[in-house]
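Have the model open and follow along.

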Amino acid sequence: MAKSGKRQRIGIITAGGDCPGINAAIRGVGKTAIVKYGMEVFGISDGFTGMINKEFTVLTERNLSGILTLGGTILGTSREKPYKSDGNKREIGKPAKIKEHYLDMELDCLVCIGGNGTLKTANLLAQEGLNVIGIPKTIDNDVWGTDTTFGFDSAVNIATEAIDRLHSTANSHKRIMIIELMGHHAGWISLYSGIAGGGDVILIPEIPYKEEVIVKNLMDRASANKPYSIVVVAEGIKNPGKNGGSVAQYLSGMISEETGLETRETVLGYIQRGGSPSPMDRVLATRYGTGAVEMIANNDFGKMVSLRDGKIVSVPLAEVAGKLKLIDPLDPMVLQAKNIGTCFGD
Ligand code: F6P
């Protein structure tokens with residue numbers, strides 16, 4: 001209850017690419033807000049498009065039940081970036097609409113569940129005077145200021161299972177299997193699932209690769225009577241391919257030409273972003289959701305809820321906005337993988 005005695009009203013928005021665990025976070029926010037604090041909760045439709053067009057639904061405890069295990073987002077999402085205009089100038093019409101509708105709806109806070117783009121927008125809205133709280137979500141795990149984002153663990157589980165399945169068919173046919181995973185700037189999914197799935201070569205955007213190093217590694221393995229190899233690549237690594245194909249296709253062609261070995265490629269795509277969240281992601285999303293409401297109750301606005309050394313804390317959105325959490329090429333995990341002979345192409 002607000003000091004005035006009026007029930008506090010909060011909006012929840014889910015924006016950017018979806019990922020497993022968003023509904024668990026919506027539930028965490030909504031149930032804590034309703035059950036513990038008696039707040040009114042509104043679910044904004046389709047990301048920032050819903051705030052621009054004032055499209056929302058009232059969320060009750062009843063319709064927050066049964067969504068914990070669901071993939072995607074019950075609110076819908078979009079890639080709408082309200083501050084981005086078609087020209088060089090910063091858009092002002094859409095942010096003005098968002099502000100107008102925030103006031104019309106008499107919101108006390110807008111909880112923005114999203115990745116880097118969403119958190120950047122959330123920071124700009126906070127600078128305009130709106131009470132905003134960010135919750136970090138993305139399979140890419142590249143949000144600065146938090147140890148991990150929900151969605152990542154589920155994606156690593158799916159990618160690892162895919163790699164596991166490639167081993168048997170690669171072995172039967174004595175082939176080099178190349179699997180391309182998501183991650184434009186950050187190779188977290190490839191690093192974790194590459195290690196978990198026993199990838200022989202792992203290529204990530206943070207470590208530039210040399211083709212001759214990959215070729216030598218695969219030839220050495222073949223000479224050592226290793227019948228097959230698995231190459232795990234993040235989609236964002238350098239792609240010298242001229243035909244607009246995937247980087248997995250490019251590497252597949254290059255490797256078969258240079259080694260004479262048979263290759264096949266798999267692009268896992270949206271399968272790694274869909275479906276039910278892992279138990280770890282359900283827990284993390286729930287902790288973030290409840291943590292965000294505690295921040296509202298403490299008037300701790302303009303911040304992102306975050307995980308630091310196992311604890312839920314808050315970080316100013318201004319510190320998070322515009323930064324990416326990338327893999328340090330000297331990260332102990334990279335070095336440990338190198339210790340067991342994994343090739344990073346460098
Ligand atoms: O959510 C992050 C991400 O999965 C990236 O790794 C991926 O390249 C991108 O989204 C693609 O999403 P969309 O096609 O929905 O823009």
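**Around the ligand**

Start with the pocket: the ligand takes up the space of the largest pocket. Keep in mind as you look that this is a predicted model.

Now for who lines up around the ligand. The surrounding residues are Arg79, Ile139, Asp140, Met182, Gly183, His184, Glu235, Tyr270 and Arg273.

Tyr270 has a side-chain N or O atom 2.4 Å from an oxygen atom of the ligand. For Arg79, a polar side-chain atom sits 2.9 Å from a ligand oxygen, and in His184 a side-chain N or O atom is 3.0 Å from an oxygen atom of the ligand. As for cover, the ligand has 400 Å² of accessible area on its own, and the protein covers 75% of that.

Next, zoom out to the whole chain. Where does the ligand lie relative to domain 1 and domain 2? Both domains give residues to the shell, so the ligand lies between them.

The two domains also touch each other directly: 14 residues of domain 1 are in contact with eleven residues of domain 2.

How values were computed
Residues are numbered from 1 along each chain as its sequence is written. This is a predicted model: local features need pLDDT of at least 70, side-chain atom pairs count only at pLDDT 80 or more; totals for chains, interfaces and linings use all residues. Side-chain values use heavy atoms; hydrogens and water are left out. A residue is near a molecule or strand if one of its heavy atoms lies within 4 Å of it. A polar contact is a pair of N or O atoms within 3.5 Å; within protein, one must be able to donate a hydrogen and the other to accept it, and residues adjacent in sequence count only if both atoms are side-chain atoms. Accessible areas come from the Shrake-Rupley method with a 1.4 Å probe; for residues, only the protein chains shown count as cover. On a 1 Å grid over the protein atoms alone, a cavity is a set of points where a 1.4 Å probe fits but cannot get out, and a pocket is an open set with protein on both sides within 12 Å along at least five of seven lines; lining residues have an atom within 4 Å of a point. A molecule sits in a cavity or pocket if more than half of its atoms lie within 2 Å of its grid points. Domain bounds come from an automatic or database domain assignment. Contact means heavy atoms within 4.5 Å.
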